[in-house]
Amino acid sequence: MDERIAALREALYALDGPGAVALTRELIDGGVGPQEVLQQGLAEAMLEIGRRWNAGDVFLPEVVAAAEIFKQCNDIVEPALIEAGGQTLGHTVLMATVKGDLHDLGKNMVGAMLKTAGFRVHDLGKDVATEAIVEAVREMEPTIVGLSSLLTTTVPEQRGVIEALEAAGLRGAVKVMVGGAPVTEDWAAQIGADGYAPNAPEAVKLALRLAGSERPEM
Amino acid sequence: MTVRHTADVARTATEPTRCVDGLPLRHLDVLPEATLERIHAATLRVLDRTGIEVRSDAMIRRLAAAGAQGDIEAGRVTFPPALVEEALALAPHALLLAGRHPGCDLELDGTHGYLSVDGNAAEILDLATGERRPSTKADLAQISRVADALPQIGFLWQGVAARDTPLASQPLHELQAQYANTTKHVQLMTAALPDQARGAVEIATIVAGGEAELRARPVLSSFQTSLSPLTYDGPPLEAAAIYAEAGVPAGFVAMPISCATAPATRAAALVQSNAEILAGIVALELLVPGAPTFYGACGTVMDLRTGAASCGGPEDLLFQMAGAQLARRYCLPSNIGTFATGAKSPDWQAGVENGLSIVASWLGGADMLCGAGLLYGARVYSIAELLLDAEIFSLVRSMTEGVADADEDLALEVIEAVGPGGHYLAQPHTLRHMREQWQPRFFGRDAWEDWESAGRPQPPDRARERAIAILAEHRPTPLQDGAEDAILGVIETYERHTEGAA
């Protein structure tokens, strides 16, 4: 294996964004397979960061910082990957904070932690209209859509999204997981969601279960 | 803030790695200046008029020869105010409590407060069974080993009594168990007889590596307690002088109980407590001028229904703050009874009492805070409670560090860069500083679901688990070659000596 791939992983552990981006560009421009850069470099580094988080050696802000660097690097790798006809990361998770809610911290944490489990995370942002979520599900065909809301006043929007997915005939094609401070297991069942997680690490376990790919190392 | 001058302390050339955390002290005077001075004046009057009972004719003669007024027939010693002031002026204002390792040294100069292992319980909560049972030397060794691993613990009292050893040599066995299991300073609370003091000094001399070494770096300190009201037995005063002559700090601690062994009112209880402590210190300075000593206050009230010491309540908190303030009034290092909840398990009562108690001692400016691990009004030791008390200490310590205000701390650029509506999660500033945040070990911050699936553990459960892990992993630095045998030799000699005498 190219030792620069090991160096790329180290750059992620060190949260050295410019270093990681430069190495990724150098690898791709130098003709190293984008699949290898993605799987053995970026994805493996995120998995390792997840393992370190589990061991208590790494904190959430560090996971989020690593995930941001991962995204910058992945933006370089993905065009090359698609051009080469290679496989992107396995399951896609679509993340959104529902309409009327500007609280996206929890959703960002979940997105970052999901990357440590090898998910391809697409973040629609905050205050996202139900129609925009449905449209994105139609276009990207994610395995899971994650809906976040922090307020008791915006929580009903989660039900609205599920109903809109049903109306669009997409409900059977995607798993829906919900979260946020006012959300409970009961609420998730009541609105017909596929699962609920109380925090980011639990969301990772839930997503792995929903995607049918429990990873023994997580 | 009053910073007392540091004594002539033997410093090492290079700063050793610290293995002990102290509380940066700030003072809040709970007694207004006028009240403080009324208590001082009343104390001088008590020492002059009432005096103290000394239960030894020989000691009364020695004190009278040194300037006090002795009345052998009445068994009384009184101290004229001028003599009290003169004797107090001889006491050093700062102390070094040395560890076996210089990184564990405690400089008691009024700038930092240190937590001890509390003592001297007769029973322990068995770590394996959770049952209360009589304590042993092996228990004391375990407590000492756990304390050695905790940076929050500055020095050690004898957590439990080594009840499976002969009574006369018990303090020596306790010292042996502790020195073999910690590199931190040991403060002996149980050696109140002259022979025991001699044996303890011999053991400390072995640990320090010689008499001069012990004098320069005392790895041992001691204290004697008054018998409230206003009484000292002869042998403890003699023992204090033996320690002091060897350079081992010899403090005095009063443990009066209002409504029983002290008057009911707060002011009078403080006067009596102050008189007892000062009488001990003045007596010691008359016997051994310049003796290193300290001011120990551990006052409480009697529970009006059961007659037991309450150990934890508003009066205790006031006595702690006032005791530390009085010690500052005399420029003496203070040793303030701090934890020792009356609760029978590490529960809500224990948390409230000990949480408030450490803040009171900190605000008072206590140099020594005693101590961690006791339940049931100091009668039962719990290693889980030791860890929980250490966690309370670490929480308060983090608070006492206050708010820094350098440019890096104000972080205006970061606030500007993130702007309204952003987040600070992945900011380099966050990554640089997040580990300064206090991290709990036993507070439950996990999700409800995780907590349920783990079997609803409470903080004491986590603490017990941690204690078992520390005992499995932590190996303290052993004593230097030959020291262990030499210490056992001292114990054997003293045991033969007491048998011969008996």
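Here is a short chat on how to read some features of this predicted model.

Visitor: Let's start with chain A. How many helices and strands does chain A have?

Guide: Chain A has nine helices and five strands. Follow the sequence and you get the order α-α-α-α-β-α-β-α-β-α-β-α-β-α.

Visitor: And what radius of gyration does chain A have, next to that of a compact globule?

Guide: The idea is to compare the value with what a globule of that length would give. For 218 residues a compact globule would come out near 17 Å, and chain A has 17 Å, so the two agree. Along the principal axes, its C-alpha atoms fill a box of roughly 50 × 40 × 30 Å.

Visitor: What share of chain A is buried, and what share of the contacts join residues at least 24 apart?

Guide: Buried residues account for 45% of the 218 in chain A. As for contacts, take those between residues at least 6 apart in sequence: 72% of them join residues at least 24 apart.

Visitor: What does the pLDDT of chain A look like?

Guide: pLDDT is the predictor's confidence in each residue. The mean for chain A is 90, with 95% of its residues at 70 or more. Residues 214-218 of chain A are below 50, and in the model that stretch has nine contacts beyond near neighbours in sequence.

Visitor: On to the backbone. Which residues of chain B are joined by a cis peptide bond?

Guide: For this, look at omega. Gly119(B) and Asn120(B) are joined by a cis bond with omega about 5°, and Asn120(B) sits in the loop between strands E7 (112-117) and E8 (123-125). Another cis bond links Cys370(B) to Gly371(B), with omega about -15°; Gly371(B) belongs to strand E19, residues 368-372.

Visitor: Where is Glu141(A), and is it buried or exposed?

Guide: Glu141(A) is in the loop between helix H6 (130-140) and strand E3 (144-148) of chain A. Its phi is near 45°, positive in a residue other than glycine. Glu141(A) counts as exposed because it has 12 C-beta neighbours inside 10 Å.

Visitor: And Leu230(B), buried or exposed?

Guide: Buried, because Leu230(B) has 21 C-beta neighbours inside 10 Å. Leu230(B) also has a positive phi, about 55°, without being a glycine, and lies in the loop between strands E12 (220-225) and E13 (231-233) of chain B.

Visitor: Last one: how many residues apart in sequence are Glu401(B) and Leu23(B)?

Guide: They are 378 residues apart in sequence, yet 8.1 Å apart in space, C-alpha to C-alpha. Glu401(B) is in the loop between helices H12 (383-400) and H13 (407-410) of chain B. With 11 C-beta neighbours inside 10 Å, Glu401(B) counts as exposed.

Methods: Residues are numbered from 1 along each chain as its sequence is written. Chains are lettered from A and ligands numbered from 1 in the order in which they are written. This is a predicted model: local features need pLDDT of at least 70, side-chain atom pairs count only at pLDDT 80 or more; totals for chains, interfaces and linings use all residues. Helices (H or I, at least four residues) and strands (E, at least two) are DSSP runs, numbered from the N terminus. The radius of gyration is taken over C-alpha atoms; the globule rule is 2.2 Å times the number of residues to the power 0.38. A residue is buried if 20 or more other C-beta atoms lie within 10 Å of its own, exposed if 12 or fewer, and partly exposed in between; C-beta atoms are placed from the backbone. Two residues are in contact if their C-beta atoms, placed from the backbone, lie within 7 Å. pLDDT is the predictor's confidence in each residue, from 0 to 100.
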